Amino acid sequence: QCLTNIQFDFQTFNIINKFNRMHQIMMDINKNPKYCQTEEVCYIDFDCKFEEITGMKYIKFINIYFFLVLFSSSRKNTNIYDIIEDIKFDIEKIGFTKEELLKVIKLQSKDYEFYRKSNNWNMLRYYPIVKTNKRENTYIISNIYALLLSLPDTMYWTIRNYYAEIKSNDFTNYFGKCFEYYVQEILENYKIKGEKLKERDVKIPDWKIETNNYIFLIEQKSALLPIDTRIVDNEIRYKKMEEYFERNVVKAFNQLNTYDVQKNRKKVIRICLMFESLYLPEDIMFIVESDIKFNSDKKLNWILNINEFEILMELLSKDENKFDELIEKKISLEYEDSKKGKSFRTILSGYNNNYSENVLKHYNKLVDDLRDKIKKL
């Protein structure tokens with residue numbers, strides 16, 4: 001699990017979807033006055049908090065980041081710091097200075113000693129630019145794909161780490177609330193009637209979605225895998241992974257199974273909806289099912305990531321018969337205990353995610369705006 005949830009990101013490389021989703025939550029939903037964001041949780045202005053921590057507005061930061069990726073992908077010079085010498089135009093006409101460009105490089109980098117002392121073998125994923133000690137101002141991109149993969153989550157980890165250091169849960173609680181609004185927007189976009197269940201004395205699922213043949217109970221979990229699940233020490237890594245599963249997957253299914261649905265002809269399917277794209281969910285269920293109190297058929301308790309959910313909701317809105325076919329295929333694979341794979345990642349192979357890629361369009365807009373500015377120089 002520790003390995004696949006890193007390596008599969010490089011293989012699937014759904015950078016556009018991940019960026020659009022995170023941008024929608026942290027820049028659009030966060031600023032949207034129609035959401036009541038102050039009653040249940042502590043409101044955080046993500047853009048202001050990012051500027052407070054880094055000294056730079058997020059939009060400016062991300063524009064510079066895109067610029068670095070665009071130019072670095074075609075340069076033969078390995079020292080990204082020298083990119084300034086290669087620029088033959090006035091970059092201030094694009095909207096930032098050379099000093100700000102260098103600041104972004106430094107924010108995304110660490111020196112040799114940092115990596116040597118770290119026991120996290122994946123730290124280059126989070127800080128993909130290495131400050132070398134060969135000569136002054138030498139910064140090497142370890143991997144262009146790592147530079148891209150770190151792009152969507154930069155704001156998330158910058159702010160989350162800030163609150164973790166002061167031992168506050170305000171960020172994770174508020175981000176979870178924003179994730180609920182994000183799912184609400186998906187349902188509204190596809191005109192799907194989802195009932196937001198109101199909490200009672202006992203924790204209950206977030207959503208109930210009823211179709212012609214099924215009732216889906218959905219509990220959302222917004223936490224990303226902690227960095228500590230990628231460290232060298234096996235004992236610590238396994239402990240952190242177990243804690244993550246306990247706080248998210250086990251907790252979600254225990255909540256889902258305390259909620260009763262009046263008996264009817266429809267199949268009730270309980271879904272733990274993850275913001276994180278956890279891979280090999282059937283193996284995760286095998287690991288954690290002994291800690292879950294199933295009051296329902298455990299074959300109808302599924303882990304689903306938000307990418308898969310978006311695809312399924314579009315399909316439900318456009319072709320419910322096809323949607324039903326996929327659900328029945330999933331059910332069949334669960335009862336057969338298929339060794340060839342029974343996750344939605346397998347079932348939805350070949351389906352595009354049109355919501356986060358083509359409805360939100362934040363990634364394409366930023367890239368197109370940058371290219372237009374460069375063309376006008």
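Q: Which residue in S2 is the bridge partner of Ser109?
A: The partner is Ile129. The model is predicted: local features need pLDDT of at least 70, side-chain atom pairs count only at pLDDT 80 or more, and totals for chains, interfaces and linings use all residues. Residues are numbered from 1 along each chain as its sequence is written, and side-chain values use heavy atoms, with hydrogens and water left out.

Q: What makes S1 and S2 a pair?
A: Two strands pair if DSSP finds at least two bridges between them. S1 and strand S2 (residues 129-131) have three bridges, in the parallel sense, so they count as a pair.

Q: Why are S1 and S3 called edge strands?
A: The sheet is open, with mixed pairing, and its three strands follow the order S1-S2-S3. Strand S1 (109-111) and strand S3 (139-141) each have a single partner strand, so one side of each has no neighbour in the sheet. From one strand to the next, the twist averages 30 degrees.

Q: How do you know that helix H6 packs on this sheet?
A: Helix H6 (residues 98-107) touches S1, S2 and S3, where contact means heavy atoms within 4.5 Å. The direction of H6 makes about 60 degrees with that of S1. Such angles run from 0 to 180 degrees between N-to-C directions, along axes fitted to C-alpha atoms (for helices, over the stretch in contact).

Q: Why is Gln108 called buried?
A: Buried means under 20% relative accessible area (exposed is over 50%, partly exposed lies in between; 1.4 Å probe, protein chains only). Gln108 has 6% relative accessibility, and therefore counts as buried. Gln108 is in the loop between H6 and S1. Apart from residues up to four places away in sequence, Gln108 touches Phe61, Tyr65, Tyr126, Tyr127, Pro128, Ile129, Ser150 and Thr154.

Q: What makes H2 and H4 roughly antiparallel?
A: Helix H2 (residues 15-28) and helix H4 (residues 58-72) pack at an angle of about 165 degrees, with their axes 13 Å apart. Angles over 145 degrees count as roughly antiparallel (under 35 as roughly parallel, 65 to 115 as roughly perpendicular, the rest as oblique), and H2 and H4 are therefore roughly antiparallel. Phe19, His23 and Met27 in H2 meet Tyr58, Ile59, Ile62 and Phe66 in H4.

Q: Which residues touch the most other members of the largest nonpolar core?
A: They are Met26, Phe46, Leu101, Phe309 and Met313, in a core of 97 residues. Such a core is a set of buried Ala, Val, Leu, Ile, Met, Phe, Trp, Tyr and Cys residues joined through side-chain atoms within 4.5 Å. Beyond its neighbours within four places in sequence, Phe46 is in contact with residues including Ile25, Met155, Phe171 and Cys178. A second, separate core has 25 residues, among them Tyr244, Val250, Ala252 and Ile292.

Q: Which strands are the edges of the sheet of five?
A: That sheet is open and mixed, in the order S4-S5-S6-S7-S8. Strand S4 (194-196) and strand S8 (301-305) are its edges, each pairing on one side only. Helix H14 (residues 306-318) packs on the sheet, touching strand S5 (207-210), strand S6 (214-221), S7 and S8.

Q: What makes S6 largely enclosed by the rest of the structure?
A: Eight of the eight residues of S6 are buried, so the strand is largely enclosed. Tyr214, Phe216, Ile218 and Gln220 point one way from S6, while Ile215, Leu217, Glu219 and Lys221 point the other way.

Q: How many bridges join S6 to S5, and how many to S7?
A: Four bridges join S5 to S6, and these strands run antiparallel. Eight bridges join S6 to S7, and these run parallel. In S6, Leu217 stands opposite Lys208, and Leu217 also stands opposite Arg270 in S7. S5 and S6 are joined by a hairpin of three residues.

Q: How do you know that Asn248 is buried?
A: Asn248 has 8% relative accessibility, and so counts as buried. Asn248 is in helix H12 (residues 234-256). Not counting residues up to four places away in sequence, Asn248 touches Lys221, Ala223, Cys272 and Met274.

Definitions and conventions. Helix = DSSP H or I, 4+ residues; strand = E, 2+ residues; numbered from the N terminus.
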